[in-house]
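Please look at the sequence and the model first.

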Amino acid sequence: MDRLKQKFYDKASALKVEIKSLLKEHGAKTVGEVTLKQVFGGARGVKTMTWETSALDPNEGIRFRGYTIPELREALPKWKNGKEPLPEGLFWLMLVDEMPTQEDVEWLADEWEKRSTIPAHTYAVLEALAPDTHPMTQFTMGIASMNYDSVFAKRYSEGMKKSDYWDATYEDAMNLIARLPKLAAYIYRKVYHNGEHIEADTSLDWAGNYAHMLGMKDADFTSLMRLYLTIHADHEGGNASAHTAHLINSTLADVYLSYSGAMDSLAGPLHGLANQEVIKWIFEMTKQLGTTKPSKDQIAKYVQDTLDSGRVIPGYGHAVLRKPDPRFTAQKTFAQEYIKDDDYVNIVWNLFEVVPPILDSLGKVKNPWPNVDAHSGALLVHYGLKEYGYYTVLFGVSRALGVMAASCWSRALGLPLERPKSVTSKWVKEFISAS
Ligand code: CMX
């Protein structure tokens, strides 16, 4: 058994015993009430699952195993002389709740490199699609096609014991994460660079190799990728993509199927696709105004026009957060450190001043502040990755880290099939008259 797998097994076995006795003693305790507003309103705030890898506070934002993003930027191991945290380290932390050493992350980078081969039939699936199929559709189909060699699916069909589910899930999760940069880079080069693919550089880390296979040469872009793939990795379990994976996974479908479903969820404009929508909307603004240096008054009018036309302001608002997203702040800090006077970065910063009071004035928006998607596009454009139809794939590569770690926990803890209750509007009316 490899060192990470052994560590995970020891931790998960201990927690499983603990949860069993905790439920025996306290299983009947109430953790909250559900109002009719929540029943009709997308279950906001209803506690319905456990998710070990991260927790989201409305005011403070995300903590990964107790660490904030600025803390992780300091504490996680770096690559060679790099300044940015390595996603390998975050995966280790999320999976086993221990800060990894330099040696641990180097072992993991090496392990993922060994597991990174994409099956030939997956490339054939991608090549069979209409060439201008959206990159997220290509991504989800590529991922689903790899269920063909799922360790979990194979062992299940051979009669695997329940107590071994975690083992097969760990193998699939490690293989899937290892393959994603190659799959994602293949899609990028196929759609935007005439299929001129770039061989992996096996001496690099997971994020560094991804940047290399995309064809991005600037060392600062590689640093951005290490940070980007770290901060997008997890946002507790209730967000649409993580929750989709959790639901599918609970049927004992393997992680290729559950993660493909998660990516279908991420591809919606109210969730991950917002990162493409933000920069598209900013490009439309600069085109309409005929300048890449719009004044704050011009920006305010453009924002108001967008609202008047019945659309949302992409990159703003959140179902849980009630303050600026620390993932937005981390990207702003990166831009302040690495980038001098970029027109699109300046627009993003001016939007940060202009949008919140306008959204506040509507009197209905619960969170007028920027979310993670408000900033990422301007950074990518700065380094020359301007094909915004691809942006959600980058988000999707990162999100696998949290969702795969959490999937291992779900199987190790033996979490059951998820099956909440629905009611009809007729039931609601009868319930009201009876109460
Ligand atoms: N622009 C305009 N109106 C907004 C808004 C925004 N950015 N955010 C919320 N609102 C509106 C809602 O549409 C809703 O209006 P109606 O009552 O007329 O339907 C009202 O304000 C109340 O919504 P809310 O309770 O504040 O927000 P929700 O929890 O319902 O929705 C979210 C959250 C993210 C879908 C919403 O803020 C939004 O549409 N934002 C823009 C899209 C976006 O950036 N999504 C990315 C989120 C991060 C991610 O998952 O990647």
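How many cavities of 30 Å³ or more does a search of the whole structure find? The search finds two.

## Basis of the report

The model is predicted, so to speak of local features a pLDDT of at least 70 is needed, side-chain atom pairs count only at pLDDT 80 or more, and totals for chains, interfaces and linings use all residues. Residues are numbered from 1 along each chain as its sequence is written, and side-chain values use heavy atoms, with hydrogens and water left out.

Helices (H or I, at least four residues) and strands (E, at least two) are DSSP runs, numbered from the N terminus.

## Cavities

A cavity here is a set of points, on a 1 Å grid over the protein atoms alone, where a 1.4 Å probe fits but cannot get out; lining residues have an atom within 4 Å of a point. Grid points are joined across faces, edges and corners, and a volume is the space filled by probe spheres set on the points. The largest cavity has a volume of about 40 Å³. Its lining consists of Thr50, Trp51, Glu52, Ala406, Trp409, Ser410, Leu413 and Leu415. Five of these residues are nonpolar, two polar and one charged. In this count Ala, Val, Leu, Ile, Met, Phe, Trp, Tyr, Cys and Pro are nonpolar, Asp, Glu, Lys and Arg are charged, and the others, Gly among them, are polar.

The second largest cavity holds about 30 Å³ of space. Phe64, Ile69, Leu72, Arg73, Pro85, Leu227, Thr230 and Ile231 line this cavity. Two or more of the lining residues come from each of α3 (69-75) and α11 (219-231). By class, the lining of the second largest cavity has six nonpolar residues, one polar and one charged.

## The second largest pocket

A pocket, unlike a cavity, is an open set of points with protein on both sides within 12 Å along at least five of seven lines. The second largest pocket has a volume of about 330 Å³. Its lining has 16 residues, and Lys16, Lys162, Tyr165, Arg411 and Gly414 lie nearest its centre. The elements giving two or more residues to this lining are α1 (3-26), α9 (165-192) and α19 (391-412).

Which element gives the largest share of the lining of the second largest pocket? That element is α1, with four residues.

Two packed helices are described by the angle between their axes and the distance between the axes. Axes are lines fitted to C-alpha atoms, for helices over the stretch in contact, and angles run from 0 to 180 degrees between N-to-C directions. Angles under 35 degrees count as roughly parallel, over 145 as roughly antiparallel, 65 to 115 as roughly perpendicular and the rest as oblique. A crossing is left-handed if the near helix is turned anticlockwise from the far one by less than a right angle, and right-handed if clockwise.

The axes of α1 and α19 come within 10 Å and cross at roughly 50°. These two helices are therefore oblique to each other, and their crossing is right-handed. Helix α14 (residues 274-289) and helix α18 (residues 373-382) have axes that come within 8 Å and cross at roughly 65°. That makes α14 roughly perpendicular to α18; the crossing of α14 and α18 is right-handed. For helix α16 (residues 326-338) and helix α17 (residues 343-361), the axes come within 11 Å and cross at roughly 135°. That makes α16 oblique to α17, and α16 passes α17 in a left-handed crossing.

## Single residues

Ala43 is not a glycine, yet has a positive phi of about 55°. Ala43 sits in the loop between α2 (36-40) and β1 (54-57). With 42% relative accessibility, Ala43 counts as partly exposed; buried means under 20% relative accessible area, exposed over 50% and partly exposed in between (1.4 Å probe, protein chains only). Leu252, also a residue other than glycine, has a positive phi near 70°. Leu252 is in the loop between α12 (240-249) and α13 (255-266) and is partly exposed at a relative accessible area of 25%.

Is Trp79 buried or exposed? Trp79 counts as buried, at 13% relative accessibility, and is found in the loop between α3 and α4 (87-96). Tyr123 lies in helix α6 (residues 120-128) and counts as partly exposed at 23% relative accessibility. Tyr123 and Leu183 are 60 residues apart in sequence and 8.4 Å apart in space, C-alpha to C-alpha.
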